[in-house]
Amino acid sequence: MMIRVRSRDGLERVNVPNPHTTVGDLRTLIESQLRVPFSHQTLSRNQNLLLAKTPEQLRKLADMSDSAVSLSSVGISHGSIVYLSYEGERSVTGGSPVSPAGSFGKKMTMDDLIARQMRVSRQETPHCSSVSFDRDAANAFQLYVNDTLAFAIKRGGFMYGIVSADREVSVQFIYEPPQQGTESNLLLLRDPEEENLVEAIALGLGLRKAVELHAESGLQEWVTAVVKLEVNEDGGADAHFEAFQMSDICVKLLKEGWFETEGINDIEPKLSKMKKDVIVGGKDSREVDNDFFLVVVKILDHQGPLSCSFPIENRINPVTMRALKTHLDSAKSLSFVKRISNFHLLLLLAKFLDVNSDVPALAECVQAQSPVPEGYQLLIESLANTS
């Protein structure tokens with residue numbers, strides 16, 4: 001009976017007497033035939049063993065640690081592959097190692113091995129159970145994209161909200177950073193100073209980004225949403241929201257630099273080009289359909305605590321203090337805290353306040369719907385009257 005053994009050196013073969021051979025016998029044969037000391041070996045049916053970097057990871061993947069069990073009892077038969085990790089170095093000679101196509105007999109590097117083991121498959125379950133949008137915030141975004149931009153150019157924003165204990169994401173406001181959009185591309189012109197103000201407001205409101213460039217985030221429940229036009233039953237077009245997460249393998253590939261960024265203008269938009277071969281559907285490929293990277297998230301909606309009637313930042317028409325005065329005057333019948341319960345208004349005010357103390361304090365008043373200190377009221381009204 002022949003067992004194939006894949007290690008960091010490539011694919012090798014070990015001859016064993018019969019299916020009743022034990023795991024311990026196999027380890028002894030690996031020592032004698034492949035010159036890997038018995039005590040240095042870790043065996044597994046799981047290919048991730050070859051990517052393990054710490055002793056703890058090795059222990060978790062060592063599903064063949066019991067030397068007394070037979071190979072047949074752990075599913076090993078003629079032609080099966082067993083993955084081998086070992087300590088130390090050895091010299092590989094002869095014709096037994098099998099490297100990637102076109103390099104028979106050549107020692108496989110770790111980069112080659114990892115590339116051969118990187119499999120791209122669909123992830124069925126997202127890390128969040130649903131995402132619910134504040135109706136007014138979502139409507140304000142899609143109206144601008146529809147009515148002003150006519151869906152002719154792309155527009156983006158960062159959504160902020162909370163994540164419940166049941167992994168439900170609730171989006172309360174959308175921050176639109178400076179950006180340049182075309183029909184096919186979107187370039188976010190990140191403004192660290194403005195984003196620092198946004199984070200200070202979110203902190204006071206008890207919120208955090210529900211959407212991020214995921215490589216920057218440690219939040220598993222992050223969500224991306226897309227709004228687009230779809231033809232309805234009457235032949236007209238309606239704005240339609242879709243939400244999804246990028247799969248774990250997509251994020252891993254991005255962080256490890258697998259995505260090709262040069263010379264991709266001629267590739268189809270629905271495809272991603274890789275720097276090295278990955279395994280897709282059992283075949284090696286350097287092009288991956290983006291659908292493999294998307295995990296659909298259920299969409300809900302709700303009415304949040306913040307209004308969305310104030311002009312929104314970084315759009316065609318700049319936001320001025322006149323807009324602040326108009327807004328405050330139009331809502332005189334409401335309490336002062338209700339009048340300023342608007343993220344976009346708070347962002348304008350934040351540019352004139354201390355980001356470390358004043359901004360979070362004012363946002364906390366909005367979150368708790370508590371009276372705004374008289375000093376802040378006078379300052380805000382003074383700013384409104386400077387227009």
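Contact is taken here to mean heavy atoms within 4.5 Å. The structure is a predicted model, in which local features need pLDDT of at least 70 and side-chain atom pairs count only at pLDDT 80 or more, whereas totals for chains, interfaces and linings use all residues. Residues are numbered from 1 along each chain as its sequence is written, and side-chain values use heavy atoms, with hydrogens and water left out.

Ser-132 is placed in strand β6, residues 130-134; helices (H or I, at least four residues) and strands (E, at least two) are DSSP runs, numbered from the N terminus. Apart from residues up to four places away in sequence, Ser-132 touches Val-169, Ser-170 and Val-171, as well as Leu-300, Asp-301 and His-302. Ser-132 counts as buried because its relative accessibility is 10%, the term buried denoting under 20% relative accessible area, exposed over 50%, and partly exposed in between (1.4 Å probe, protein chains only).

Confidence was examined along the chain. The average pLDDT, the predictor's confidence in each residue from 0 to 100, is 86 for the chain, and 90% of the residues score at least 70. Confidence is highest in helix α9 (residues 343-350), at a mean of 98, and lowest in helix α3 (residues 110-117), at 56. The pLDDT falls below 50 over residues 93-106, a stretch that has 22 contacts in the model beyond near neighbours in sequence. Where pLDDT is low, the predicted coordinates should not be read in detail.

Nonpolar cores were defined as sets of buried Ala, Val, Leu, Ile, Met, Phe, Trp, Tyr and Cys residues joined through side-chain atoms within 4.5 Å. The largest such core comprises 38 residues, and Phe-173, Leu-324 and Leu-362 have the most contacts inside it. Two or more residues of this core come from each of β7 (158-163), β8 (168-175), α5 (192-205), α7 (321-330), α8 (336-339), α9, α10 (358-368) and α11 (374-384). Helix α9 gives the most, with seven residues. Leu-324 is in contact with Phe-310, Leu-345, Leu-348, Leu-349, Ile-380, Leu-383 and Ala-384, when its neighbours within four places in sequence are left aside.

Ile-30, in helix α1 (residues 23-34), counts as buried because its relative accessibility is 0%. Ile-30 and Val-5 are 25 residues apart along the chain, and their C-alpha atoms are separated by 8.7 Å. Ile-174, in strand β8, also counts as buried, at 8% relative accessibility. Its contacts, leaving aside neighbours within four places in sequence, are Ala-137, Ala-138, Phe-141, Gly-157, Phe-158, Met-159, Glu-313, Phe-343 and His-344. Between Ile-174 and Tyr-83, 91 residues apart in sequence, the C-alpha to C-alpha separation is 48 Å.

Grid points are joined across faces, edges and corners, and a volume is the space filled by probe spheres set on the points. The largest pocket holds about 2400 Å³. Its lining consists of 50 residues, with Lys-154, Ser-184, Leu-186, Thr-224 and Phe-244 lying nearest the centre. Strand β12 contributes the largest share of this lining, five residues. By class, the lining has 30 nonpolar, 10 polar and 10 charged residues, where Ala, Val, Leu, Ile, Met, Phe, Trp, Tyr, Cys and Pro count as nonpolar, Asp, Glu, Lys and Arg as charged, and the others, Gly among them, as polar.

Two cavities of 30 Å³ or more are found in the whole structure. The largest cavity has a volume of about 50 Å³, and its lining residues include Asp-134, Gln-172, Phe-173, Phe-343 and His-344. Elements β8 and α9 each give two or more residues to the lining of the largest cavity. The second largest cavity, of about 30 Å³, is lined by Ile-201, Leu-346, Leu-349, Ala-350, Leu-353, Val-359, Leu-362 and Ala-363. Its lining has eight nonpolar, no polar and no charged residues.

Conventions: 1 Å grid on protein atoms, 1.4 Å probe; cavity = no way out; pocket = protein on both sides within 12 Å on 5 of 7 lines; lining within 4 Å.
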